[in-house]
Amino acid sequence: MINNINNTNYTNLLLRFLLYFILIVFVLYYLLPLFVMITTSLKSLEEIRTGSLVSLPRNITFEAWGTAWSSACTGIQCEGLRPFFWNSIFIAIPAVFISTLIGALNGYVVAQWRFRGANIIFALMLFGCFIPFQVILLPMARILGLMDLAGSITGLIFVHVIYGIGFTTLFFRNYYVNIPNELVKAAKIDGATFLRIFWSIFLPLSLPIIVVTVIWQFTQIWNDFLFGVSFSQAGTQPITVALNNIVNSTTGVKEYNVDMAAAIIAAMPTLIVYVFAGKYFIRGLTAGSVKG
Amino acid sequence: MNSILKIKNVNKNFGKISVLNDINIDIESGDFLVLVGPSGCGKSTLLNCIAGLEIIDSGDVFIDNKDMSDVAPKDRDIAMVFQSYALYPTMTVEKNITFGMKVRGVPDDVQKEKLKEVAKQLQIENLLKRKPGQLSGGQRQRVAMGRALVRNPRLFLFDEPLSNLDAKLRVEMRTEIKRLHYDLGASMVYVTHDQIEAMTLATKIVVMKDGFIQQIGTPAEIYNYPENIFVADFMGSPPMNLINATTIKEKNHYKINIKMEDGSIVSIKEKNKSKLPEDLLLGIRPENITETSLKNKQNCHIIRSKVDIIEPAGSDTFVVTKIGNTEVTARFNSETQVSVGSEIDFVVDLGKISYFDKLSGQRI
């Protein structure tokens with residue numbers, strides 16, 4: 001009897017060990033690229049040429065980071081990522097804000113003010129989520145031209161807002177549809193208007209879904225490459241396009257350390273957003289219903 | 001007394017489905033109107049139409065003699081209490097109650113005064129700083145009432161306000177609503193599917209089914225003189241017994257025959273009705289079928305039958321037997337000594353019998 005218990009204990013221990021072993025292998029597998037990126041970005045070119053890919057840097061230098069930020073060449077221009085980083089910020093922040101606001105209003109209308117055809121309109125918006133980027137490139141270019149927004153930051157904001165509305169509406173609609181419609185009725189009888197009900201009752205309830213939407217939209221817009229490369233011109237390119245240019249336009253020796261540093265810089269904002277708001281992201285995604 | 005709510009020829013459809021058919025109701029100031037019926041009968045839709053939350057397809061709604069058919073809910077001078085309470089989740093109790101006044105631009109000091117008054121009346125003074133999520137069901141219910149009371153409207157609307165409460169609390173709140181109605185002298189419209197709630201609260205009951213009004217009347221009228229078999233069956237617990245019978249016309253009276261299971265025939269004389277159809281249903285309330293020991297009444301008929309089931313309910317004991325081919329419930333005294341399987345005499349009070357046409361279901 002006692003032997004038996006010991007046996008099962010050993011089996012359990014072994015299985016547990018195996019489980020952690022597999023998990024650790026996967027963790028290493030996923031972390032390896034990041035490790036290589038960070039170590040490479042901290043090495044000098046000389047060391048990269050002579051050393052091994054996975055070895056730690058002998059002399060840590062931030063030179064590559066400085067170059068990537070302010071003096072790497074993106075084609076003929078050699079100002080690093082800095083101007084493009086700000087371009088991306090100027091595109092992403094207004095686009096995230098506007099698309100989230102419109103999504104919240106749309107979701108509120110579709111979920112709580114069931115007008116005739118509300119479901120059809122919602123279905124069409126959902127369909128908008130699945131339209132491939134490539135399909136809208138030419139028509140969008142034409143429209144931006146007609147609106148006199150071609151190649152401008154405003155134009156890119158416009159594109160991202162339009163493309164994001166489908167997703168933001170979906171998020172907010174699914175959140176608001178769980179809120180009892182009697183709240184709207186009660187507020188109507190209390191005398192509140194359409195916008196007042198949204199502002200005083202629905203928006204204060206929405207923090208979790210706002211966080212989800214903001215993270216989603218920010219990640220999408222920040223990481224976007226196709227729209228960025230299609231609808232921008234020399235001074236208005238977002239950081240993803242600049243990163244590509246840095247990596248592709250080097251003449252002579254390939255500066256891997258600068259490429260790696262630039263890639264990390266380009267990825268940093270989305271990482272930061274996720275780290276700080278990730279808790280709410282999970283909570284918002286799983287928030288099923290709002291109990292009064 | 002003046003008319004506070006008048007509903008005239010109101011119709012409402014959802015697509016092709018007609019949910020309200022030619023509804024006409026008129027109540028006076030101070031009335032407590034209860035709309036009762038099974039789920040899907042249109043009672044909540046009707047209440048929403050009164051509130052203006054649903055648009056009626058035709059007809060008119062008058063509140064205090066003003067045509068409100070095209071008036072927005074906020075301008076109808078009504079307050080409403082909802083089944084889910086519909087408290088604003090992010091606001092404190094205080095803010096919930098004063099939201100309506102704030103939206104309407106009532107001065108702060110007036111808001112405070114009214115809040116204090118209502119909080120005292122409903123005994124929720126100690127809850128004012130809490131959020132709805134921190135309240136129990138009964139407390140939420142009070143806050144929802146407070147939100148309605150603070151408006152001091154011409155008409156209160158209640159949409160099944162007690163159905164989310166447990167049984168004990170429901171009875172307590174029922175009494176409280178009744179007291180409130182009495183104290184305020186306010187006019188109220190109340191929707192419920194619970195016929196006991198309807199009976200206890202109402203000064204006037206509207207029984208609805210499938211979008212049609214079945215009967216309008218005082219609780220006593222509805223209970224004692226149901227217009228048709230639906231009302232007879234729906235109102236009262238246990239419901240009215242409906243016994244199959246046939247009639248034979250004799251010289252100056254009708255003979256009503258009930259064919260018992262063993263083939264024997266129970267005959268009752270009916271002298272007061274001038275015309276009865278051949279097939280009819282006898283409607284008898286359980287309390288009008290009693291034990292022999294209470295045989296002090298005249299105009300009774302004794303039917304001998306076997307006791308099938310005994311259901312003690314504390315204050316009464318319900319005895320189930322078979323008369324004709326129908327199960328019949330009789331209300332006996334709780335101290336009754338009858339036992340299951342025994343043959344006993346059931347005393348039927350003939351003065352309290354309702355007759356229904358078997359074909360149309362209508363009262364005769």
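Residues are numbered from 1 along each chain as its sequence is written, and chains are lettered from A and ligands numbered from 1 in the order in which they are written. Because the model is predicted, local features need pLDDT of at least 70 and side-chain atom pairs count only at pLDDT 80 or more, while totals for chains, interfaces and linings use all residues.

Between the two chains, 17 residues of chain A are in contact with 21 residues of chain B; contact requires C-beta atoms, placed from the backbone, within 7 Å. On the side of chain A that touches chain B, α8 (182–190) and α9 (194–202) of chain A each supply at least two residues. The largest share, seven residues, comes from α8(A). Helices here are DSSP runs of H or I with at least four residues, and strands are runs of E with at least two, numbered from the N terminus. By class, this side of chain A has nine nonpolar, two polar and six charged residues. Ala, Val, Leu, Ile, Met, Phe, Trp, Tyr, Cys and Pro count as nonpolar, Asp, Glu, Lys and Arg as charged, and the others, Gly among them, as polar.

Elsewhere in chain A, helix α3 (residues 63–70) has A:Ala64, A:Thr67 and A:Ala68 as its buried residues. A residue is buried if 20 or more other C-beta atoms lie within 10 Å of its own, exposed if 12 or fewer, and partly exposed in between, with C-beta atoms placed from the backbone. The buried residues of α3(A) fall within an arc of 95° seen down its axis, so they line one face of the helix; the arc is that of the directions from the helix axis to the C-beta atoms.

Chain B contains an open sheet of six strands in the order β6-β7-β8-β3-β9-β10, with mixed pairing. Strands pair if DSSP finds at least two bridges between them. At the edges are β6 (78–81) and β10 (212–217) of chain B, each pairing on one side only. Strand β9 (residues 204–209) of chain B pairs with β10(B) in the antiparallel sense over five bridges, and B:Ile205 stands opposite B:Gly217 in β10(B).

Most residues other than glycine have a negative phi, and most peptide bonds are trans. B:Asn65, in the loop between β4 (58–63) and β5 (66–67) of chain B, has a positive phi of about 70°. With 10 C-beta neighbours inside 10 Å, B:Asn65 counts as exposed. A cis peptide bond, with omega about -5°, joins B:Ser237 and B:Pro238.
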